[in-house]
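Colleague: I am new to this structure and would like to go through some of the terms used for it. Could we take them one at a time, setting each value against its cut-off?

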Amino acid sequence: MFCMKCGTKLPDHAKFCFNCGAKVPEGLGEEEAAPAAPEEPAMETPAPAPGEEPLPDIPGSHFTVLGKYPVDLPRATALYNQLWAPFNREGTRIAVLARHEIDRHLKEHAVENPVEFSAQVLKYCMTVCNPLFEQAVDLLIDHHIDYVTKQDLWDRLDDSIASTDLVKAMLEDRAAIEAYEKDLAVEKMADKASWRGGGFGITGAITGTIKASLMNTAQDALSSLGRSVTGQSYSDRLEDFIRERSAKRDYPAMAYDFINEVCLSDLFAEVDRLLVAECDLPRVSFETDRAASRCQNLLARLADGKIGKAEAMSGLCSCLEVTGDTLPVYQALLELEPSAASDVFGIAAAEGAELRLAQSVWARCVSARNIPADFRYPDWKPSFLRRRMYPVCGPAMLLALLIKLRDLPQIVCGKENPHVDIALAAGTYWIPAEARDVDFWGMDERVVLDLDHPEATAWDAQHVHFHLVKFTGAAAAWAQDTQGQSLRQGQAALLAGDNERALPAFRLAAEMGSAEGAWQAGRLQAAAGQKEDAQWSLVEAAVLGKREAGWALYQTLKANKNEQCAAYRRLAAEGGKELEAQGKYAEALDWYKKLAAEGEGAAYFHLGQMIEQGRGVKVNKAMAAACYDKAQSCGYEAAGPAIGALAFAAGQQWEAKAAAETGAQALADVQQAWQNYQRALEENHPGAAEKIRVLGILLGRAMEAQGEDEEAMDYYRAAMEAGSQKALLQAAGLCADAHRAAFDLAEACRLYRQAVKAAETAEAQTAIRTEWESRKARMPLENRIDGLVAALEDQMAKANFYYFGEKLSMPLETAMKAYGRRAGVNPGDVVLLCDSTHSLFWGQGEEGFLITGDGRFISSLGIRVSLDELGPVKYCDEELVEIATGTVLARFKGEQEEDQKFFRLLNDLVLLPQPGK
């Protein structure tokens, strides 16, 4: 048996075609039909028997994401999607519109009676869903199930309706208010004619399609309350109680859920059940829970680096083949690969889920990423012209907006047939052929459009226009051909004096990226009195590189003292590159000088390029560098790399000159090279950092040899900042030399610590630590004590229990009485005192220890020892202990953070790992 419409071979007794969905005439194929088999549970379409031709694929069975990730749906799922798609698409649209309308109503009216309002919302939802029920009846009739009416379908959904939040809220509010009335002993009024609640004004349109028992429930709920709350029938307390209950109800959300759950999902489930039971429709089966878990695993493994993006994409696409909840998978695919937007939305459209996906994408872009508020428009977007634009970042957000404009224009724009302007951030976007009433504006030179069937689509007739964008794929060649043809047509019409024909031709050329087309269109629009359109065309021409357009706008805005004039001055300067491309160097030089006189950085930059490269003028590197510096001072950021390149080249020249010199002259040449490399490094020129590392050590050592320690440290620090480990060790060694002017024990310790952290191997770390301890051991103890005191003044100036410098006097007097004099200490020799009692007032210094300038350690416990004879110490259980021997040197009352800090400094700067006992 074959389909009369598409010719597809069908199984015997088929009631409709698997391929096109057409009805099969009754009686067709009955002659050769086999006896009916016993009824069995419906299942997936079985594989063809041997010798039979396989059934053809159903449209919507096979998809490909990004040309390499297949999505192959089972036949049952593809057929299910064909039937489900119109319900899904229209039901989603109705639900969103209902939520919007109820939300709008609540902004204008207060809910005085929640039971009445819930009933009216219920009536409203059931009314707006009538088209879905009519569609369901038509579908059943198309498949020979002609005994089911809309009322039957409503009856079958009775339990589903009763279980919705909307109906539950109505009944709960009714019970709660009645109970509260009884508590207040308020007499109820039963005058039904006096209701005056804030409904939608649509109840008169309700027809008999709503189940009587359900409407009686709503009617009873209303009657039990009597009149709406007016402030005259009820007490203030009851009014407050009712308003509080109303405020807690999210009526828009309940309406949205009611339509989605009952009038969409449950309704189609009932239709599908009837088709499976009475037709040859195969039953669809999903593995939604397993697919959701697999999706989560894929994303988690991708985040952990256990799989790559390609494996994750392939796995997500396979999840689409088995899940009944596709939205989370679509979202994951778009998050993982935004460039797959057109393919993902195409798969969603096959099941009517594109609007639901668009809502999700848009909500994420607007709410989570806050794109409309954070969108960065270019400086040239005219603030002096009015045109509302919808900002878009990324292909998914664009398709979401186009779908919302198609299905929900009254929500997006507040009107039924809007024409909108869309501002596009950098990226590649796919434009579907069905797009209508849209102007696409590129807000970045990297905006690229890929058009669906560019040549076969009547873009102008659909009121779709393009501004300041590039094209890719088949659209690129089409745009180039269209631009050339339109320019020729416009110029021919202009020569013939036919401005009416010339203007649309030039506008079309401008849409394809022609600066000349935009310029000519602007002139014609101005001549026709179309002032605002003319200014927009001039803006396009200026951005596309027409220098005259940029200059004209600059002059106009400058005269009006509009700060945006600077943007068009820059565009005018950039437009001079067209003259260079044409070999008109003298004109280009004059043009740049003209703009430079206006203070334009871009003009200085291009002038510098011409001078550096000898285009129309002799090569002069110094003059070119001066132009670049001027451009940078004017805020032209692109001058930085040019400055860096010139400085690096100059550094190489000085370095080469130094190689041919000796002595002081060679050193002076290297210093000149260094200065140029420093300038190049400031502009992040490649290779400059390596030059600074190498020459920094070279010049640092040269300054050391001359006794210029400060200059040497400057060179070392610069090399260190550029990442030189050698320079770090050189600087540390210089600071650790007690005989040099750069001697700074604390700084030396810090640098050695930094070198240890930067070392790449454990062996290197050990070697650096050994070098530090060796240098420390060669320092006189007095120098180490001086370094310790200096470090304390720098790092522990606000310590409460360590006294040095001017803070010594009062606690030292107490310490001398307690234990200092007995130990033979001269107060003038003491440079540091520790109060281990941690006393803030009385008793400061009675216990603890003293350190003298020559390195003696005197403890209140009776210990007297040279610090050169004391090994590293630790603070443990309120005691200061020598690690090697376990000797307790001091005891503390309580633990303070500054104690630990002091003993780290003592170990780092003074004590030796192998003291001489």
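Colleague: To begin with the second largest pocket, how many residues line it, and which of them lie nearest its centre?

Modeller: Bearing in mind that this is a predicted model, the second largest pocket is lined by 32 residues, and those nearest its centre are Trp380, Asp444, Glu445, Arg570 and Leu571. Its volume is about 1200 Å³, and the elements that give two or more residues to its lining are α21 (531–543), α23 (565–574) and α24 (577–581). The largest share, three residues, comes from α23.

Colleague: How do the residues of that lining divide into nonpolar, polar and charged?

Modeller: The lining of the second largest pocket has 16 nonpolar residues, five polar ones and eleven charged ones.

Colleague: What is the reach of α21 from its first C-alpha to its last, and what would be expected?

Modeller: With 13 residues, α21 reaches 19 Å, which is close to the 18 Å expected at 1.5 Å a residue. Among the buried residues of α21 are Trp536, Leu538 and Glu540, and just after this helix Gly545 takes a positive phi of about 115°.

Colleague: Turning to the rings, why is the pair of Trp459 and Phe466 called edge-to-face?

Modeller: Two rings pair if their centres lie within 6.5 Å, and planes over 60 degrees apart count as edge-to-face. The centres of Trp459 and Phe466 are 5.8 Å apart and their planes stand at 70°, so this pair is edge-to-face. Both Trp459 and Phe466 are buried, and the structure holds 29 aromatic pairs.

Colleague: What makes the pair of Phe849 and Phe903 tilted?

Modeller: Planes under 30 degrees apart would count as stacked and those over 60 as edge-to-face, with the rest called tilted; Phe849 and Phe903, at 6.4 Å centre to centre and with 40° between the planes, form a tilted pair. Because Phe849 lies in strand β12 (residues 848–852) and Phe903 in helix α37 (residues 897–909), the pair ties together parts that are 54 residues apart in sequence. Ring pairs also link Phe849 and Phe903 into a cluster whose members include Tyr802, Phe857 and Tyr875.

Colleague: Why does Phe849 count as buried, and why does Phe903?

Modeller: Buried means under 20% relative accessible area. Phe849 has 0% relative accessibility and therefore counts as buried, and Phe903, at 3%, counts as buried too.

Colleague: Over the face of which ring does Arg99 lie?

Modeller: Arg99 lies over the face of Tyr256, at 4.1 Å from the ring centre, and Lys381 lies over the face of Tyr377, at 4.8 Å from the ring centre.

Methods
Residues are numbered from 1 along each chain as its sequence is written. This is a predicted model: local features need pLDDT of at least 70, side-chain atom pairs count only at pLDDT 80 or more; totals for chains, interfaces and linings use all residues. Side-chain values use heavy atoms; hydrogens and water are left out. On a 1 Å grid over the protein atoms alone, a cavity is a set of points where a 1.4 Å probe fits but cannot get out, and a pocket is an open set with protein on both sides within 12 Å along at least five of seven lines; lining residues have an atom within 4 Å of a point. Grid points are joined across faces, edges and corners, and a volume is the space filled by probe spheres set on the points. Helices (H or I, at least four residues) and strands (E, at least two) are DSSP runs, numbered from the N terminus. Ala, Val, Leu, Ile, Met, Phe, Trp, Tyr, Cys and Pro count as nonpolar, Asp, Glu, Lys and Arg as charged, and the others, Gly among them, as polar. Rings of Phe, Tyr and Trp (its six-membered ring) pair if their centres lie within 6.5 Å; planes under 30 degrees apart count as stacked, over 60 as edge-to-face and the rest as tilted. Buried means under 20% relative accessible area, exposed over 50%, partly exposed in between (1.4 Å probe, protein chains only). A charge sits over a ring if NZ of Lys or CZ of Arg is within 6 Å of the ring centre and within 35 degrees of the ring normal. The expected span of a helix is 1.5 Å times one less than its number of residues.
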